[in-house]
Amino acid sequence: MTITMFLVQFQWVFFTLIFVCGVVTNGDVPPGKTFVREGASMIRTNEEVPGQGIILNPPKPLELVCNTTEDLSRDVTWFKDGLLLNDNDRVQIFSENNTVIVKSTTENDTGEYTCAVTDPDINATILVRTRTEFIEMFHSSLNLVQGDKLVLSCQVKGIPTPTVTWLKDGSSLNSSDSRIKLEANEKGVPNAKLIIEELDYDDRAHYTCEANNGVNNVTSTILVRVKDKLAALWPFLGICAEVAVLCAIIFVYEKKRVKPDFDESDTDQNVENKNLPDQREGKEIRQRK
């Protein structure tokens, strides 16, 4: 007779089941060798997927439920982040159905909520988290000049703190480039601020901020354009050239207009000078008479 014994222990987030199985090849069943035993009373929560927690959507109310499978009327004690949870203006604990309701929620209401019962000592923990979301999205584009400093801040939030990844035209950034730095943003999210010193033409690209906190994933993209250093000077030089050409045209026109006036004046003076002797001669004749 060959007997093979298997011991399988399956531990879930809220309960533990122990299965002990014996298989007999000759049809005999030795006492105590083939059975299934439930190790302890289980606690069931109102999570949609056990172990995945509950998503908080401030300021909507938060409802948490814990019940034992053996006796639904068992008293449950609630804890938040290891501290005893008590009733207050926003938090209501209903012992008749082992429910906690938090009204006018904020991000501070996230954390680990533990419901515990005694005799036997069992407990379950519900992880309350928020989604990753942008406080402010990127603009569609940004225009900079060659040699400028690029600073892009990915304004995201979420609990747990999101992990931020930067992409350039859909590919990972070149981390070996000494001009590129990643810093925490104003909310303290690591690597959420991208800094590129001394922009060059090759830095023109679509930059994407990708953030994930285990609950969801969000992205925001901006097009960065890099212009020539003298790009701002060309319009000014063009205006100067137009003014110079206009002044030259006016100068030539005025010069041509004034010259005929001078010629006319010279002609009038010559005629007067020619008539002057005749006038003198007529005056002398009158004096003789």
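Predicted model: local features only at pLDDT ≥ 70, side-chain atom pairs only at ≥ 80, totals over all residues.
Asparagine 98 counts as buried, because its relative accessibility is 3%; buried means under 20% relative accessible area, exposed over 50%, and partly exposed in between, with a 1.4 Å probe and protein chains only. Residues are numbered from 1 along each chain as its sequence is written, and side-chain values use heavy atoms, with hydrogens and water left out.

Let me turn to the backbone. Most residues other than glycine have a negative phi, and most peptide bonds are trans. Asparagine 98, which is not a glycine, has a positive phi near 55°. Asparagine 98 sits in the loop between strand S9 (91-94) and strand S10 (99-102); helices (H or I, at least four residues) and strands (E, at least two) are DSSP runs, numbered from the N terminus. Asparagine 191 likewise is not a glycine and has a positive phi, of about 60°. Its loop runs between strand S19 (180-183) and S20. With 34% relative accessibility, asparagine 191 counts as partly exposed.

There are also cis peptide bonds to point out. The bond from proline 58 to proline 59 is cis, with omega near 5°, and proline 59 belongs to the loop between strand S5 (54-56) and strand S6 (62-68). Isoleucine 159 and proline 160 are likewise joined by a cis peptide bond, with omega about 5°. Proline 160 is found in the loop between strand S16 (155-157) and S17.

I move now to the interior. In soluble globular proteins, nonpolar side chains tend to be buried together. A nonpolar core here is a set of buried Ala, Val, Leu, Ile, Met, Phe, Trp, Tyr and Cys residues joined through side-chain atoms within 4.5 Å. Which members of the largest core touch the most other members? They are Leu150, Leu152, Val164, Trp166, Leu194 and Tyr207, out of 24 residues in that core. At least two residues of this core come from each of strand S15 (150-153), strand S17 (163-168), S20, S21 and S22. A second, separate core holds 19 residues, including Leu62, Val76, Leu85 and Val128.

For contacts, the criterion is heavy atoms within 4.5 Å. Not counting residues up to four places away in sequence, leucine 152 touches Phe138, Leu142, Trp166, Ala192, Lys193, Leu194, Tyr207, Ile222 and Val224. Cysteine 209 lies in strand S21 and is buried, with a relative accessible area of 0%. Among the residues that cysteine 209 touches beyond four places in sequence are Phe134, Cys154, Trp166 and Ser220. Cysteine 209 and asparagine 191 are 18 residues apart in sequence, and their C-alpha atoms are 9.9 Å apart in space.

Next, the charged groups. A salt bridge is taken as a side-chain nitrogen of Lys or Arg within 4 Å of a carboxyl oxygen of Asp or Glu, and by this rule the count comes to eight. How far apart are the closest N and O atoms of aspartate 177 and arginine 179? The separation is 3.0 Å, and the two residues form a salt bridge. Arginine 179 also meets aspartate 203 in a salt bridge, at 2.9 Å from N to O. Arginine 179 lies in the loop between strand S18 (171-172) and S19, and aspartate 203 in the loop between S20 and S21, so the pair ties together parts that are 24 residues apart in sequence. Is aspartate 203 buried or exposed? At 5% relative accessibility, aspartate 203 counts as buried, whereas arginine 179, at 22%, counts as partly exposed. Elsewhere, salt bridges with shared partners join Glu107, Glu133 and Lys157 into one network.

Leaving aside neighbours within four places in sequence, aspartate 203 is in contact with residues including Lys168, Ile196 and Val226.

Aspartate 81 is partly exposed, with a relative accessible area of 47%. Thank you for your attention.
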